[in-house]
Amino acid sequence: MERLPLKSVKGVPMLKYFADIMEEVDKFQAHPDDLLISTYPKSGTTWICEVVDMIYKEGNVEACREKPIYLRVPFLERSFPGSDAGFKLLQKTPRPCVIKTHLPVQLLPKSFWEKNCKMIYLARNAKDVAVSYYFFYQMAKVHPEPGTWNEFLEKFMAGDVLSSVAFGSWYDHVKDWWDKREEQRMLYLFYEDMKEDPQQEIQKVMEFLERPIDEQLVEKITHYTSFKEMRQNHMTNYTCLPSTFMDHSISPFMRKGVAGDWKNHFTVAQNEFFDADYKRQMVGSTLQFWMEM
Ligand code: PPS
């Protein structure tokens with residue numbers, strides 16, 4: 001796997017292979033009953049996908065273990081040489097279905113808005129996302145070289161230029177999706193709330209999906225979607241992919257799964273600099289994050 005430079009799609013830096021299919025992705029036709037799961041990378045996408053798949057499969061663990069999560073919840077804009085692009089995989093998938101995306105609001109195919117699809121957005125605090133993304137850049141070798149932690153953090157803060165990170169600005173992503181939540185059938189969730197009270201957040205998802213709340217089912221889903229369980233489950237921990245693509249010996253995909261790990265990586269100076277920039281980038285937004293638990 002080659003570490004190619006990012007490529008701009010309407011000003012958003014993207015992995016080159018993803019950018020190359022965006023014209024086709026843009027024409028994607030959503031089914032009105034498709035459920036879209038949208039996140040900025042490293043925000044707990046795999047976690048919420050597994051929760052939703054377990055709800056759809058009414059807690060049937062065997063059915064959830066038939067295929068890796070990236071085949072059960074196809075990733076719309078994903079594209080790598082030698083495998084089906086996400087939108088092509090969706091052509092072969094029975095619809096309606098659950099679809100994963102990391103696209104910012106302005107790049108999401110219009111059809112999702114026009115068909116008024118239900119959407120779940122999961123956000124995670126910027127500092128933990130930056131740390132998680134840094135380790136992911138090292139192990140998932142389709143990304144450009146991350147450089148040092150300090151260099152990577154600067155790229156993360158830069159957001160929307162080609163020298164920044166894949167999928168662009170975290171700040172714009174979380175704010176723009178937040179601003180859409182009232183005009184769309186959208187459930188906006190937070191990683192930190194899922195860590196704090198997974199039962200409550202799973203119930204919220206079930207209500208949003210109009211499923212009957214069954215306490216035993218909630219308990220079962222909470223258990224099987226815990227970090228401990230998902231870390232050792234080959235269908236959720238990405239170990240089914242070849243190590244040329246994701247090298248878990250550099251850093252496992254299921255790395256720590258906590259809120260507040262940033263404290264082990266940010267220096268005092270980096271933290272002060274980041275906080276000042278954060279205030280500037282988030283000014284005017286009502287969006288609030290727990291930076292630790
Ligand atoms: S990706 O590649 O963008 O789809 O990655 P994504 O799944 O969004 O994020 C990976 C991070 O989520 C953590 N994770 C979890 N945390 C808590 N509980 C569960 N069940 C869980 N599953 C995944 C994973 O460990 C990555 O975070 P870090 O901080 O790197 O550990």
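Me: Is Phe-274 buried or exposed?
Reply: Phe-274 is buried, with a relative accessible area of 0%. Buried here means under 20% relative accessible area, exposed means over 50%, and partly exposed is in between (1.4 Å probe, protein chains only). Keep in mind that this is a predicted model, where local features need pLDDT of at least 70, side-chain atom pairs count only at pLDDT 80 or more, and totals for chains, interfaces and linings use all residues. Residues are numbered from 1 along each chain as its sequence is written, and side-chain values use heavy atoms, with hydrogens and water left out.

Me: Where does Phe-274 sit, and what is it in contact with?
Reply: Phe-274 belongs to helix H15. Leaving aside neighbours within four places in sequence, its contacts (heavy atoms within 4.5 Å) are Ala-126, Lys-127, Leu-153, Phe-156, Met-157, Tyr-171 and Phe-266.

Me: OK, zooming out. How many helices and strands does the chain have?
Reply: There are 15 helices and six strands. Helices (H or I, at least four residues) and strands (E, at least two) are DSSP runs, numbered from the N terminus. The radius of gyration is 18 Å, close to the 19 Å that the globule rule gives for 293 residues, so the chain is as compact as a globular protein of that length. That radius is taken over C-alpha atoms, and the globule rule is 2.2 Å times the number of residues to the power 0.38.

Me: What does the C-alpha trace span?
Reply: About 50 × 40 × 40 Å along its principal axes.

Me: What share of the residues is buried?
Reply: Buried residues make up 58% of the 293. As for contacts with a separation of 6 or more, 74% of them are between residues 24 or more positions apart.

Me: What about charges?
Reply: The chain has 37 positive and 42 negative charges, and their mean positions are 4 Å apart. Lys and Arg count as positive and Asp and Glu as negative, while His and the chain ends are not counted. Each charge is placed at NZ of Lys, CZ of Arg, CG of Asp or CD of Glu.

Me: Let's pick a helix. Which residues of H12 are buried?
Reply: H12 covers residues 198-208, and its buried residues are Glu-201, Ile-202, Val-205, Met-206 and Phe-208. Seen down the helix axis, they fall within an arc of 165°, so they line one face of H12. The arc is that of the directions from the helix axis to the C-beta atoms.

Me: What covers them?
Reply: The cover includes strands E3 (35-39), E5 (118-123) and E6 (186-190), along with helices H3 (45-56), H11 (191-196) and H13 (215-224).

Me: What happens just after H12?
Reply: Glu-210 takes a positive phi of about 55° there.

Me: Which other residues have a positive phi without being a glycine?
Reply: Glu-58 is one of them, at about 50°. Glu-58 lies in the loop between H3 and helix H4 (61-64), and at 62% relative accessibility it counts as exposed. Phe-167 has a positive phi too, about 80°. Phe-167 is in the loop between H9 and helix H10 (170-180), and it is buried, with a relative accessible area of 4%.

Me: New topic: which peptide bond is cis?
Reply: The one from Arg-95 to Pro-96, with omega near -5°. Pro-96 lies in the loop between helix H6 (86-91) and strand E4 (98-101).

Me: Last one. What does Ser-251 touch?
Reply: Not counting residues up to four places away in sequence, Ser-251 touches Phe-135 and Met-139. Ser-251 is in the loop between helix H14 (227-232) and helix H15 (268-282), and it is buried, with a relative accessible area of 4%.
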